[in-house]
Amino acid sequence: MTAPAPGVPLLEVDDLRVEFPTSAGTLHAVNGVSLRLSAGETLGIVGESGCGKSTIAMALMRLVAPPGRITSGRIRLDGTDLLTLGPAELRAVRGSGVAMIFQDPMSALNPVLTLGRQIREALSVHTGLRGRAMRERVVELLDLVGIPDPRARADAYPHELSGGMRQRVMIAMAISCEPKLLIADEPTTALDVTVQAQILDLLRRLRTELGMAIILVSHDLGVVAGLADRISVMYAGYQVENGTAEQLLLHPRHPYTTALIDSLARIDEPRPHRLRAIPGSAPTLYAPAACCPFEPRCGEALPACGDANPALAGVGAGQRVACWARAPLTGAPAPLEVGT
């Protein structure tokens, strides 16, 4: 795939919708999501469990498992619409164009194959490396992600490594073919805070050294804040706010974003405040929202919130929010910018 022209986003996602037919009805997991991302940028996608974050990641890789299906939208990577590609063309794009770090490395790695063999699988598909050259590339990748004694570890099995080391191996597999876009789905889940910081530092360094764009999926705003240039907040399958990391963390406009920030533990206060839980629970996704999906849990709800689901509207330079209470009632949907 050729590099995008100057000013042209590496990734363009328009009106992406994903549904899962079930015995209880059709579950609308992702509803009209649009994104833009330039080469070398990092976009964070955050929200509660079940809001559609990981489904977006799987859709970008064309890995939504049946009976789930992408019902509409466009996913353009370097100008190529991934939704129009056949199986053989997709195999050529996965790994070299876009790659993914999956959740839970213990279940994502094959327990009966050595780490080196699992990394070689991607290299054998996308490169011409064979024999000794292949072996040296595996060792080089393990060394790049900070695995100690990489030559010996290439012959180890997943159960012989700690959780943090297994996550590093997953990252080595994902970057083995130097993809233009790396999708990291909850890459720090179940890791202690020290290892979390190491993994985020590693992703930051690899972004600089390899020039990759990164989509970081997480339920933890604190994790995303340390790496993302821009953040998109998801709720019940909808985008409710997006903007730069500074805008959303210092000047959140949607009540849900504010609630997520308030629920974070703070260590910079003399007397830590009591964590504030978000009342109620997320709605079911068996029908498109006829009103604002956050309205039943929102302390700022207006009569209009129960009448219609607001579209994203501009509230500042590059910041957009879907909220009747905090966005201009007459505001038209703002045009997408790179990284939104």
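User: How do I read helix α1, and is it enclosed or open?

Analyst: Buried means under 20% relative accessible area, with exposed over 50% and partly exposed in between (1.4 Å probe, protein chains only). Helices are DSSP runs of H or I with at least four residues, strands are runs of E with at least two, and both are numbered from the N terminus. Here, six of the eight residues of helix α1 (residues 53–60) are buried, so it is largely enclosed by the rest of the structure. Those buried are K53, T55, I56, A57, A59 and L60. Just after α1, R62 takes a positive phi of about 60°.

A word on the source: this is a predicted model, where local features need pLDDT of at least 70, side-chain atom pairs count only at pLDDT 80 or more, and totals for chains, interfaces and linings use all residues. Residues are numbered from 1 along each chain as its sequence is written, and side-chain values use heavy atoms, leaving out hydrogens and water.

User: Which strands make up the open sheet, and in what order?

Analyst: Two strands pair if DSSP finds at least two bridges between them. In this model, the open sheet has four strands in the order β2-β1-β4-β5, with antiparallel pairing. β2 (25–37) and β5 stand at the edges with a single partner strand each, so one side of each is left without a neighbour in the sheet. Strand β1 (residues 11–22) pairs with β2 over 10 bridges, in the antiparallel sense. P21 stands opposite T26 in β2.

User: What does D81 touch, leaving aside its neighbours within four places in sequence?

Analyst: Contact means heavy atoms within 4.5 Å. On that basis D81, which is found in strand β5 (residues 80–81), is in contact with R74, I75 and R76. The backbone nitrogen of I75 lies 3.4 Å from a polar atom of the D81 side chain.

User: Which residues have the most contacts inside the largest nonpolar core?

Analyst: A nonpolar core is a set of buried Ala, Val, Leu, Ile, Met, Phe, Trp, Tyr and Cys residues joined through side-chain atoms within 4.5 Å. The largest one here has 58 residues, and I171, L182 and I231 have the most contacts inside it. Helix α7 (residues 163–175) gives the largest share of this core, seven residues. Apart from this core lies another, of 33 residues, including V18 and V64.

User: Is R137 buried or exposed?

Analyst: R137 lies in helix α5 (residues 131–144) and counts as buried, at 15% relative accessibility. Leaving aside neighbours within four places in sequence, R137 is in contact with L123, L129, I175, S176 and E178.

Notes
A polar contact is a pair of N or O atoms within 3.5 Å; within protein, one must be able to donate a hydrogen and the other to accept it, and residues adjacent in sequence count only if both atoms are side-chain atoms.
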